[in-house]
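Let's take a walk through a protein model together. Have a look at the sequence and the structure before reading on.

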Amino acid sequence: MKLLKNEKGSSSILVILSFLMLGIFSVLGMMSSYSDYKLALKNASWNQQYDRLQGEVYSFVSDMDAVLIKNEDAAFESLKEMVIEMDDEIVVSDILNGFIIAREFEGESGKLIRLEMAYMSSSPDRYHIKMIKEIPVIFTYEELEFTDVEVPNND
Amino acid sequence: MIWFLKKTKKSINNRFGFTLAELIISVGTLAIVGILTIQFFLSAKDINIRSSELDHSVYLTNTIIESIKADLWDRYPLDAISPNSIETNNQSFEGYIFFNKDWQITSATDPRALFEAAIFLSGQANELGDRTLYDISIEIKRIKPYFRGNESQPVLYATDTKIYIETLKEDLLP
């Protein structure tokens with residue numbers, strides 16, 4: 001009741017507080033949208049790196065295609081030898097009636113793409129891409145130490 | 001009512017007031033704080049628009065690349081390409097797609113057109129097979145500048161890659 005009859009106002013404090021709130025919320029809004037923008041930029045950069053790396057993969061597939069078409073009539077084993085000689089990083093593994101050509105491509109930022117192509121001597125579609133897949137990069141935390149903690153015995 | 005009249009009379013007779021300097025300082029301070037606050041809100045809106053457009057550009061670019069790989073020239077978004085030049089002899093292609101502010105397809109002559117996706121393909125046909133390794137370059141551009149932007153036609157997103165697809169024929173293209 002005493003407060004209701006009080007004729008002293010505090011309009012200045014009210015104005016200051018309302019402007020302060022406006023200021024705080026505007027800064028918060030801007031920070032939020034800026035972090036959103038940074039995330040969008042990061043996503044764009046990842047996509048560009050992936051595209052570049054995938055370009056390398058398709059370039060390799062094209063080279064491989066040329067070798068396989070040119071030597072279509074070659075003996076199975078000699079064709080395999082030719083594929084192995086093409087690149088040091090190629091891994092060839094045997095399967096029934098054919099072989100799998102595998103190679104990993106690494107980008108500037110450590111991004112890794114694995115390509116697997118299958119060559120089947122008996123199939124009408126003799127070689128085809130089995131897989132183009134981005135491999136998650138394994139990393140370890142640096143300077144992370146675990147300490148032994150005593151477990152209390154509740155018995 | 002009597003209480004109100006008494007209060008009004010009291011406040012009229014009150015000789016304590018604000019000086020002109022005090023008023024100018026307070027109004028000036030509030031104006032500066034208000035302008036700063038509005039600036040922050042406008043920047044937040046501007047950055048939001050930029051990030052949303054960048055995200056959409058990346059998505060659109062990926063859709064275009066995957067559609068070309070899958071040979072979907074008769075479906076969205078490739079069916080809307082207005083080819084500028086197709087040269088099947090030396091294997092080059094240049095085409096544009098236009099979008100309005102809601103990223104819906106429109107034409108180059110539409111005054112509401114806001115985004116332009118430029119697609120460039122160039123490659124050397126593999127003599128042995130029916131497939132070609134193409135260098136593909138996609139650039140998404142904003143035709144009109146941002147509200148407080150410096151560039152007249154800012155590039156939102158651009159990417160270069162290679163694709164190994166069936167050699168383009170003129171009847172394949174829209």
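Predicted model: local features only at pLDDT ≥ 70, side-chain atom pairs only at ≥ 80, totals over all residues.

Residues are numbered from 1 along each chain as its sequence is written, and chains are lettered from A and ligands numbered from 1 in the order in which they are written.

Start with the open sheet of chain A, whose four strands are ordered E1-E2-E3-E4 with antiparallel pairing. Strands here are DSSP runs of at least two residues (E), helices are runs of at least four (H or I), and both are numbered from the N terminus. Two strands pair if DSSP finds at least two bridges between them. E1 and E4 (127-135) of chain A stand at the edges with a single partner strand each, so one side of each has no neighbour in the sheet.

Now follow the strands. E1 (residues 91-95) of chain A pairs with E2(A) over five bridges, and A:Asp94 has A:Phe99 as its bridge partner in E2(A). Two residues lie between these strands in their hairpin, where A:Asn97 takes a positive phi near 60°. Next, nine bridges join E2(A) to E3 (residues 112-120) of chain A, with A:Leu115 in E3(A) as the bridge partner of A:Arg103.

Finally, look across to chain B: 30 residues of chain A are in contact with 27 residues of chain B. Contact means that the C-beta atoms of two residues, placed from the backbone, lie within 7 Å.
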